[in-house]
Amino acid sequence: MALIPLRKQSVNLVIDQGCNFERVFEAANTTGSSVTIASHGDSRTSTAKMRKHQDSSSAAATFTSALTGANCTISLTNSQTGTISAGRYIYSVDFSHTTSSVTTIERLSEGIVTVIAQATG
């Protein structure tokens, strides 16, 4: 059973190839109220990846992710986005927390990523 039941967000993203990217997601519980997901003495982390499709064996990109209060921030550098081919991908942001040796993983957000080709550079 989840210790912090989160409401999953379905959000589509647009990334400009060769540019910095950052997106902040505010965690909310199942009733829509903000909920603090940053650590309170237990182990809490977030991971975020994008893949070409759900059966892809490897990630097209792994986002840097950080938890602060009720927010989870994901980001990619311009060098990282510059190596991603233009097109459509899927992504997910997962939140995990461990209390009393029990780890719970919840999906914070998921959706489609459109990478727009770089016209310059």
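Me: In this predicted model, what makes Phe-21 part of a pairing, and which residue in β7 is the bridge partner of Phe-21?

Reply: The bridge partner of Phe-21 in β7 is Leu-76, and β3 and β7 (residues 71–76) are joined in the antiparallel sense over six bridges. Two strands pair if there are at least two bridges between them, so with six bridges β3 and β7 count as paired.

Me: Why are β3 and β6 said to stand at the edges of the sheet?

Reply: The open, antiparallel sheet has three strands in the order β3-β7-β6. Because β3 (21–26) and β6 (64–68) each have a single partner strand, one side of each is left without a neighbour in the sheet. From one strand to the next, the twist averages 20°.

Me: What makes Met-50 a member of the largest nonpolar core?

Reply: A core of this kind joins buried residues of listed types, Met among them, through side-chain atoms within 4.5 Å, and Met-50 is one of the 24 residues in the largest such core. Met-50, Phe-63, Ile-74 and Tyr-91 touch the most other members. Beyond its neighbours within four places in sequence, Met-50 is in contact with residues including Ile-15, Phe-63, Tyr-91 and Val-115. The largest share of the core, four residues, comes from β8.

Me: How do you know which elements give two or more residues to the lining of the largest pocket?

Reply: A lining residue has an atom within 4 Å of a pocket point, and the residues lining this pocket include Thr-47, Met-50, Tyr-91 and Arg-107. The elements giving two or more residues are β4, β8 and β9, with the largest share, five residues, coming from β4. The pocket holds about 200 Å³ of space.

Terms used:
Residues are numbered from 1 along each chain as its sequence is written. This is a predicted model: local features need pLDDT of at least 70, side-chain atom pairs count only at pLDDT 80 or more; totals for chains, interfaces and linings use all residues. Side-chain values use heavy atoms; hydrogens and water are left out. Axes are lines fitted to C-alpha atoms, for helices over the stretch in contact, and angles run from 0 to 180 degrees between N-to-C directions. Buried means under 20% relative accessible area, exposed over 50%, partly exposed in between (1.4 Å probe, protein chains only). Contact means heavy atoms within 4.5 Å. On a 1 Å grid over the protein atoms alone, a cavity is a set of points where a 1.4 Å probe fits but cannot get out, and a pocket is an open set with protein on both sides within 12 Å along at least five of seven lines; lining residues have an atom within 4 Å of a point. Grid points are joined across faces, edges and corners, and a volume is the space filled by probe spheres set on the points.
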